[in-house]
Amino acid sequence: MQEAACMAALQRLQPVSHVAVSGGTHGNEMSGIYLVKHWLREPSALQRDSFSATPFLANPLAIERCVRYVGRDLNRTFTKQFLNSKAAWDEPYEVQRAREINQLYGPKGSAQAFDFLFELHNTTANVGACLIASVQDNLLPMHLCHFIQTHCTLGHYPILLYNLPDQEAYSISSVAKHGLAFELGPQPQGVLRADLLTQMGALVACALDFIDLFNKGTTFPAFETEAYRFIGSVDYPRHPDGELCASVHSKLQDKDFLPLRPGDPIFQTFSGEEILYQGHATIYPVFINEAAYYEKKIAFNKTEKCSLSIPALQRE
Amino acid sequence: MLNEFQQSLKLLNRMTSCSVVLGAPVRRVAIFGGTHGNELSGVFLVKHWQKNGAEIQRSGLQVTPFITNPRAVKKCTRYIDCDLNRVFDPDNLGRKVMEDIPYEVRKAQEINNLFGPKGSDVAYDLIFDLHNTTSNMGGTLILENSGNDFIIQMFHYIKNALAPESCPVFLIEHPNLKYATTRSIAKHPVGVEVGPQPQGVLRADILDKMRKIIKHGLDFVRIFNEGEEFPPCTIEVYRIIEKVDYPRNKNDEIIAIIHPCLQDQDWQPLNKGDPVFLTCDGETIAYEGDSTVYPTFVNEAAYYEKKQAFVKTVKVKLTAKGLRSSSS
């Protein structure tokens with residue numbers, strides 16, 4: 001009861017003046033790379049009355065080679081363990097790059113850190129235009145998601161809460177005070193599709209409009225929303241030697257964010273057998289058949305639907 | 001005029017000729033996967049058939065599934081040093097093996113020793129090479145030589161078996177564009193290109209499409225070896241004309257991408273004035289050519305570095321003579 005009352009009260013946050021937009025955290029996710037390169041040449045699209053967002057390419061070496069990463073996944077490297085590590089000659093390129101980014105846009109958890117950092121991603125999975133936030137930081141990003149859902153007309157924008165409640169945030173946007181990732185798919189690695197590019201550009205424009213309104217004192221009323229919360233992942237069936245012995249079932253392929261019920265088919269083996277989902281509850285799979293997750297041993301991520309009550313928001 | 005007349009005469013001759021070509025039986029067949037290590041349908045089909053090959057065995061022929069670029073497969077990348085599917089030319093196949101020779105050239109020589117030598121009597125009779133593309137090409141068959149009656153008959157058979165699903169045939173014969181493909185070491189080289197599928201992804205529907213093409217291809221070989229006579233046939237193919245690059249600035253950076261109206265429209269007619277590219281500033285670049293072309297390999301991931309946004313083709317008809325195996 002007390003909690004509900006507290007939730008309903010207007011919350012205040014400091015204005016957002018330092019904003020960055022990162023592309024190419026993964027060097028083969030082309031929409032963000034292409035947009036950021038364009039904005040570096042012509043920054044006017046990122047200017048608003050109350051601030052100008054700074055575009056930057058997060059992993060230039062991976063971009064040059066058109067690969068996800070060179071030494072290790074940059075977007076799993078923004079944890080204390082790596083950010084506080086001492087430079088070593090044999091460390092992966094991305095560890096050094098994570099420290100650099102932390103210096104430029106962080107330091108993570110400090111007062112000097114950027115106020116907001118957007119990350120632009122693509123996936124081979126059919127997630128549409130997915131908005132990914134961390135469980136821990138949800139007031140300003142959730143208002144932003146809600147603003148996008150009500151103002152951006154190009155599609156449907158599911159919200160995904162990516163980390164477990166007790167897990168340290170590890171993505172690039174976690175170096176700033178607030179962050180949000182735009183994950184657009186399906187798009188193959190190394191390919192630029194005009195439809196997704198247009199949609200990603202519109203999303204960033206809409207997000208910057210929101211921040212400008214927030215800075216100018218607009219009150220954003222309380223609301224209820226639905227989000228998908230990450231609860232775990234499922235690996236492919238494998239032979240004893242580690243080789244896959246099945247692919248994602250054709251009935252599950254492309255069905256991101258749709259309910260998967262116990263007994264529904266999830267894999268089909270190369271010999272033609274079906275493997276069914278054995279869980280006890282309905283879940284909502286996401287990142288189904290993402291190219292980069294084969295090596296992470298993830299055929300899809302499991303999420304559950306949750307409702308969030310977000311209190312009203314205004315700047316201090 | 002005379003030329004045209006002679007050609008029609010030739011064609012007429014071909015059509016009315018009741019002669020049947022006697023083809024040597026096709027006994028040794030290989031199925032290549034992983035020529036590009038991140039095109040996963042072929043990789044996983046070949047690995048599956050290596051563990052359990054009953055599905056690809058046919059009486060009267062020996063079928064060998066083979067991974068051609070194992071290091072690229074392991075790394076899930078297209079290639080290690082250079083594109084394996086472009087180095088089966090006499091220069092590379094004849095290169096002295098030295099320390100600094102690219103991995104794929106060394107591999108090409110090995111493959112040529114196992115399944116070739118290219119152009120020799122002892123080369124494999126038939127090689128299917130399995131590929132995927134990020135382009136919306138469906139299940140495409142690739143033909144290297146417009147005069148190969150055996151393959152045209154096989155493609156005719158596969159197309160009929162798959163109907164009503166379409167199975168386009170892409171003819172890569174061209175006076176200047178030389179591919180030097182992996183499969184070209186066989187007497188009868190067949191490329192199988194199925195898409196759209198992202199690199200590093202395995203889709204059940206695409207796998208199934210590729211599997212069916214191979215099934216019907218092998219069935220054709222078995223029937224041919226058993227002595228069936230195939231009457232003359234005509235198929236429609238798309239012949240390569242030229243490759244088209246992305247518009248670029250002076251730093252060689254791409255400044256326009258495939259227009260949404262062209263994206264996923266492989267094999268569909270492109271006419272003068274139709275949109276082709278979209279610039280960063282939102283401007284449309286239209287197709288300027290006077291004649292209708294049929295684009296394919298539209299927005300293939302691996303072709304950005306080859307400076308190729310799509311390939312222009314034209315439709316032509318190919319006729320094969322009647323065919324029967326010489327052994328029966």
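**View 1. The surface and overall form of chain B.** Chain B exposes about 14,200 Å², of which carbon and sulfur atoms supply 51%; accessible areas come from the Shrake-Rupley method with a 1.4 Å probe, and for residues only the protein chains shown count as cover. This is a predicted model, in which local features need pLDDT of at least 70 and side-chain atom pairs count only at pLDDT 80 or more, while totals for chains, interfaces and linings use all residues. Residues are numbered from 1 along each chain as its sequence is written, chains are lettered from A and ligands numbered from 1 in the order in which they are written, and side-chain values use heavy atoms, with hydrogens and water left out. Along its principal axes, the C-alpha trace of chain B spans about 65 × 55 × 40 Å. Of the 328 residues of chain B, 55% count as buried, where buried means under 20% relative accessible area, exposed over 50%, and partly exposed in between (1.4 Å probe, protein chains only).

**View 2. Secondary structure of chain B.** Chain B comes to seven helices and 13 strands; helices (H or I, at least four residues) and strands (E, at least two) are DSSP runs, numbered from the N terminus.

**View 3. A salt bridge between Glu55(B) and Arg211(B).** The closest N and O atoms of Glu55(B) and Arg211(B) are 2.7 Å apart in this salt bridge, a term for a side-chain nitrogen of Lys or Arg within 4 Å of a carboxyl oxygen of Asp or Glu. Glu55(B) lies in the loop between helix 2 (40-51) and strand 3 (62-67) of chain B, whereas Arg211(B) lies in helix 7 (residues 204-225) of chain B, so the pair ties together parts that are 156 residues apart in sequence. Glu55(B) is partly exposed, with a relative accessible area of 33%.

**View 4. A salt bridge between Lys312(B) and Glu242(B).** The side chains of Lys312(B) and Glu242(B) meet in a salt bridge with an N to O distance of 2.7 Å. This pair links distant parts of the chain, with Lys312(B) in strand 12 (residues 310-320) of chain B and Glu242(B) in strand 8 (residues 233-244) of chain B, 70 residues apart. Lys312(B) is buried, with a relative accessible area of 12%, whereas Glu242(B) is partly exposed, at 36%.

**View 5. Salt bridges in chain A.** Glu91(A) and Arg99(A) form a salt bridge through their side chains (2.5 Å, N to O), and both residues are buried. A network of salt bridges links Glu29(A), Arg68(A), Asp73(A) and Lys296(A).
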